[in-house]
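This briefing goes through salt bridges, strands and pockets, in that order.

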Amino acid sequence: MADTTGLFIYGIVPSDVEPTPDAAGVGDPPGEVTVVRRGDVAALVSEVPLEAALGRPADLTAYQTLLDGTAPVAPVLPVRFGTVVTGEDAVGDLLDAHHDRFASALDELEGLVQYVVHGRYDEPALIAAVLEQNPAAADLADQVRGRPEEVSREQRIRLGEMISQAVELRREAENRELLDRLKPFAVSSLPRQPSNELDAVNAAFLVDADREDEFVDTVEEFAEQRRGLVRMRLLGPLAPYDFVSAHELAG
């Protein structure tokens, strides 16, 4: 390998994992995905120019596609996006130094995949629901309706604060119910920070492959009960990004 190239590390896997022939790595053109093995563990890697700026959306998509495609068939420990080392010897040193920790973590992840459940309120429906359940907020809404902003500024601020507080309380309740409903089907779960002020639920779950159907059915029931108020998305199966990182394990 030339001195101007390095190896981009995607994740740590069991040593018997082989990338599929069509596996594409980061870069333009995409690099060929190969494996560096040490004992019972291995690293999925591809060659990249050391001076390359690897931050394009296509690079992140390639990284996630490779890891998410691996997770349903073999346990994988994601390595932080953008991790590049000088060559195979550096990858081997990483694997040798943390072999037992990596192997143990992979054993624990056998048969497990991550799902992310995300829901966002429909704003008009949410405001209507808040006003219906909160007479004080409804009264303020009546006071500002049709009035110029400069003469109803104070009422508008108070109304905005009341709606914001109501959304926060609803979000807490929705996330709590989601976690409770899915707890029987998940090995572990982690609430995520809202990505938008209208987020209703946002949580990651580590799910046993044997219970995926029950998990998905329960998410669909949860979503159906909120149809028209919350737009739900179920992402997965994914690599366990929220639950383990080889970068952190090696720290």
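The notes below are grouped by topic.

The model is predicted: local features need pLDDT of at least 70, side-chain atom pairs count only at pLDDT 80 or more, and totals for chains, interfaces and linings use all residues. Residues are numbered from 1 along each chain as its sequence is written, and side-chain values use heavy atoms, with hydrogens and water left out.

**Salt bridges**

- The whole structure holds 12 salt bridges, a salt bridge being a side-chain nitrogen of Lys or Arg within 4 Å of a carboxyl oxygen of Asp or Glu.
- Glu-177 pairs with Arg-181, with 3.0 Å between the closest N and O atoms.
- Because Glu-177 and Arg-181 are four residues apart in helix α6 (residues 153-182), about one helical turn separates them. Helices (H or I, at least four residues) and strands (E, at least two) are DSSP runs, numbered from the N terminus.
- Glu-177 is partly exposed at 31% relative accessible area, and Arg-181 is partly exposed at 23%. The classes are buried (under 20% relative accessible area), exposed (over 50%) and partly exposed (in between), with a 1.4 Å probe and protein chains only.
- Glu-177 also forms a salt bridge with Arg-226, where the closest N and O atoms are 3.0 Å apart. This pair links distant parts of the chain, 49 residues apart: Glu-177 lies in helix α6 and Arg-226 in the loop between α7 (212-224) and β9 (230-238).
- Arg-226 counts as buried, with a relative accessibility of 9%.
- Arg-227 and Glu-224 form a salt bridge of 2.6 Å, N to O. Arg-227 is exposed at 64% relative accessible area, whereas Glu-224 is partly exposed at 43%.
- Glu-174, Glu-177, Arg-181 and Arg-226 belong to one network, joined by salt bridges that share partners.

**The four-stranded sheet**

- An open sheet of four strands has the order β7-β8-β6-β9, with antiparallel pairing; two strands pair if DSSP finds at least two bridges between them.
- β7 (186-191) and β9 are at the edges with a single partner strand each, so one side of each has no neighbour in the sheet.
- Direction ignored, neighbouring strands of this sheet are turned by 20 degrees against each other on average.
- Strands β6 (residues 112-121) and β8 (residues 199-208) run antiparallel and are joined by nine bridges. Gln-114 has Leu-206 in β8 as its bridge partner.
- Leu-206 is 41 Å from Ala-138 in space, C-alpha to C-alpha, and 68 residues from Ala-138 in sequence. Ala-138 belongs to helix α5 (residues 135-144) and is partly exposed, at 22% relative accessible area.

**Strand β1 and its partners**

- In strand β1 (residues 5-14), 10 of the 10 residues are buried, so the strand is largely enclosed by the rest of the structure.
- β1 runs antiparallel to strand β3 (residues 41-49), and nine bridges join the two. The bridge partner of Gly-6 in β3 is Val-48.
- Two bridges connect β1 with strand β5 (residues 84-85), also in the antiparallel sense. Val-85 in β5 stands opposite Leu-7.
- Strand β4 (residues 77-78) pairs antiparallel with β1 over two bridges. Gly-11 has Pro-78 in β4 as its bridge partner.

**Pockets**

- On a 1 Å grid over the protein atoms alone, a pocket is an open set of points where a 1.4 Å probe fits, with protein on both sides within 12 Å along at least five of seven lines; lining residues have an atom within 4 Å of a point.
- Grid points are joined across faces, edges and corners, and a volume is the space filled by probe spheres set on the points.
- The largest pocket is lined by 15 residues, and the closest to its centre are Thr-20, Ala-23, Leu-66, Gly-69 and Thr-70.
- Helix α1 (residues 57-70) gives the most to this lining of the largest pocket, with five residues.
- The lining of the largest pocket comprises nine nonpolar, four polar and two charged residues. Ala, Val, Leu, Ile, Met, Phe, Trp, Tyr, Cys and Pro count as nonpolar, Asp, Glu, Lys and Arg as charged, and the others, Gly among them, as polar.
- The second largest pocket has about 220 Å³ of volume, and its lining includes Glu-123, Ile-163, Arg-171 and Glu-197.
- Helix α6 gives the most to the lining of the second largest pocket, with six residues.
- Five nonpolar, two polar and four charged residues make up the lining of the second largest pocket.

Definitions and conventions. Axes are lines fitted to C-alpha atoms, for helices over the stretch in contact, and angles run from 0 to 180 degrees between N-to-C directions.
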